[in-house]
Amino acid sequence: MSDISDQSEGSERCTHIVEALEGPEKVALSGKFKTASTWYFQRTHDSIHPSKRRKVASPTCGTCSVTLPRPFVCLHCSYSGCWTRGHIRSHLRTTGHFFCADPKTGRVFCSQCDNFILNTTFEGLFSTAVLKAEEAETRFQVTKKTREAYKPWTSDEKDTTALKDAIQIPCESRRGLLNLGQTCFLNVVLQSFIHNPLLRNYFLSGKHNRATCKNTDCTCCEFDNLFSEIYSGDTVPYGPISFLATTWRASSELSGYAQRDAHEFFIAALNQIHATSRGSTNVSCNCIIHTTFLGQLHSEVKCERCGNTTSTVDPMLDISLEVEGDKDSEATLGSCLRRFTKPETLGSKEYSCSKCKQAPHQVTKQLSIRELPPVLSVQFKRFEHRTADKTAAKKIDTRVRFPAAINMAPYTTFVVSGGGKGAMKGKAKASASESFPYPGPDALYEYDLFAVICHEGQIDNGHYTNFARFRQEWYRFDDEKVTPTTLTQCLKSPAYMCFYVKKHLDYKPYMTPTYVLIRETEIVKERQREKEKELERMKEVDNDILATI
Amino acid sequence: MTVSEEQLQSLFAQLQKRMVDNGDWDKILLTLTRELNEAGWIDEVKNQCKELAKQSNPPMSFQVLLDATTPIANEQLVLFKKKGLIEALIRKSLDAQVES
């Protein structure tokens, strides 16, 4: 999800690097850069997730000999130096070397521009080098397989011809949605789908074509239509009328003009998209919803008397969190997740241990995330129904502080259950290593916030708005009104739901979807039947001819 | 016994080298980063940097931006409540070094 600068906007202003990459130094510069980036990733990874007795080499500044945990490396020679004391910049000035790099972020500094510069080539080199190193360091917990290597898309002849006459339009998703009568709950959820990169890519690449779909009241067709409208470049607010009508027909409990719970609609929409997706199944479904939102929740119940544990794994499309702070400090997403994965004592009436078969006993239950989905949706449980009477429900307004980026490792089953047994061989001497028992790499657990749904007011008399990120800029959506805003404003808002997307996706090996295979075999069978019919007809004609003779 | 500035710097350099070599430096730094992130410090500082940089045309030089935001970042640290936790981790690492 790196933000590649658009060259046509003129934001790549450094001509020195462009010249250097066209000249004879290209190989040396890129080679040094790649080596430094890979080396830095490996060194940090080995420090934090020690699995082998690999000596962690630490470079020192060529000028002042201080150890450099964050070295800046010259791309022309073997010098590394510190930034804060100005040594790397002096080196560049005195030697006439032009470029140095920060291997942690892959950023390149040009001494002639006297600034860090943007260059797509180096950004690509950095991403590829680090990804390759991460792939080599990824360990599966259940098999000895290695991670599927990422293969960048290359166009073949069919693609090139198809794209030859295609018109490129800017990717603009900043379009308001009209309120059709208390439908702000619908609009905010739709905006969270519109800005979801995986859903966006699926529908914009025509994976569900409403022109050829044979379903009636098809939610996928409505989404296909919605995405086309939003990304058309038209900025006049759009009224999702047919979408609303289809939703009412598909889920009658959502019909009518009363205010609804956005989360309820979110789940209903996910189910509707799944149901109308080509090739969706009830078990191990590969539809866009399940590949995007589905994770696994691990629940472990332990009998305190005999230590017997039973665990179950359940699918989850999102996480619903109780809103609670850590004792005296404020509520944060981290504190809510810690509470979620804390061991909870169950009443002895609710559980009977199959092993020790004695009563009464104390039983603890602990939840953790066994599998993290590519898009993590978090709901804060703000609407408390204390009694069966819905009118007595109360809203919990406690603000929760949530970050723009989060690492979910501490809430995964591996970490919560105290590290895998025997999964970590040859652990290096543990000083602060207790905090990072998982095998990593950290990139697998890192998420970026892209949308937030906010609710203001009371349960029956409130209003939904949302924030969403377009590339690196944040916007506030209030039905038809779209305004530019800042990350700070978004993080201060009264959040009800937050949506995070993985920074780096991991891939399975490509397999043709079952419904495509079935379709192909059907075509072959159909042709076979036609041939046989033809033969039959010919036989009959021959018989008729013979009969007349 | 008064310790000279030079001796202090040399001692710091030795201790830092050991911490980097045994991996403690990176681990404590990662813990610090996570705590600062949870407290909202990282997002606040990033936002201030971005908004400051946006106002300048032609683009600001990195050093100018760094000089402008360092005091703001330090100011925001006042709100960081988990300082004690980090100091305890550092102390633990240094004690282990002194013992060996």
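Reply: In this predicted model, the side chains of A:Arg338 and B:Glu38 meet in a salt bridge, with an N to O distance of 2.8 Å.

Me: How many salt bridges are there across the interface of chain B and chain A?
Reply: The rule finds 5 salt bridges across that interface, and it also finds 16 residue pairs in polar contact there, counting pairs with both residues at pLDDT 80 or more.

Me: Which helices of chain B supply the side that touches chain A?
Reply: The helices α1 (5-21), α2 (24-38), α3 (41-54) and α4 (62-76) of chain B each supply at least two residues, and the largest share, 9 residues, comes from α2(B). By residue type, that side of chain B divides into 9 nonpolar, 8 polar and 13 charged.

Me: And what area is buried between the two chains?
Reply: About 2900 Å² is buried between chain B and chain A, with carbon and sulfur atoms giving 48% of that. On the side of chain B, the residues that lose the most area to chain A are B:Lys27, B:Arg34 and B:Glu38, which together make up 22% of what that side buries.

Me: What about A:Cys454, buried or exposed?
Reply: A:Cys454 counts as buried at 1% relative accessibility, and it is in no disulfide, since the nearest cysteine sulfur, that of A:Cys490, is 6.7 Å away.

Definitions and conventions:
Residues numbered from 1 in each chain as written. Chains lettered and ligands numbered in written order. Predicted model: local features only at pLDDT ≥ 70, side-chain atom pairs only at ≥ 80, totals over all residues. Heavy atoms only, no water. Buried area = accessible area lost by both parts, 1.4 Å probe. Salt bridge = Lys/Arg side-chain N within 4 Å of Asp/Glu carboxyl O. Polar contact = N/O pair within 3.5 Å; in protein donor to acceptor, adjacent residues only side chain to side chain. Helix = DSSP H or I, 4+ residues; strand = E, 2+ residues; numbered from the N terminus. Nonpolar A, V, L, I, M, F, W, Y, C, P; charged D, E, K, R; others polar. Disulfide = S-S within 2.5 Å. Buried < 20%, exposed > 50% of the residue type's maximum accessible area, 1.4 Å probe, protein only.
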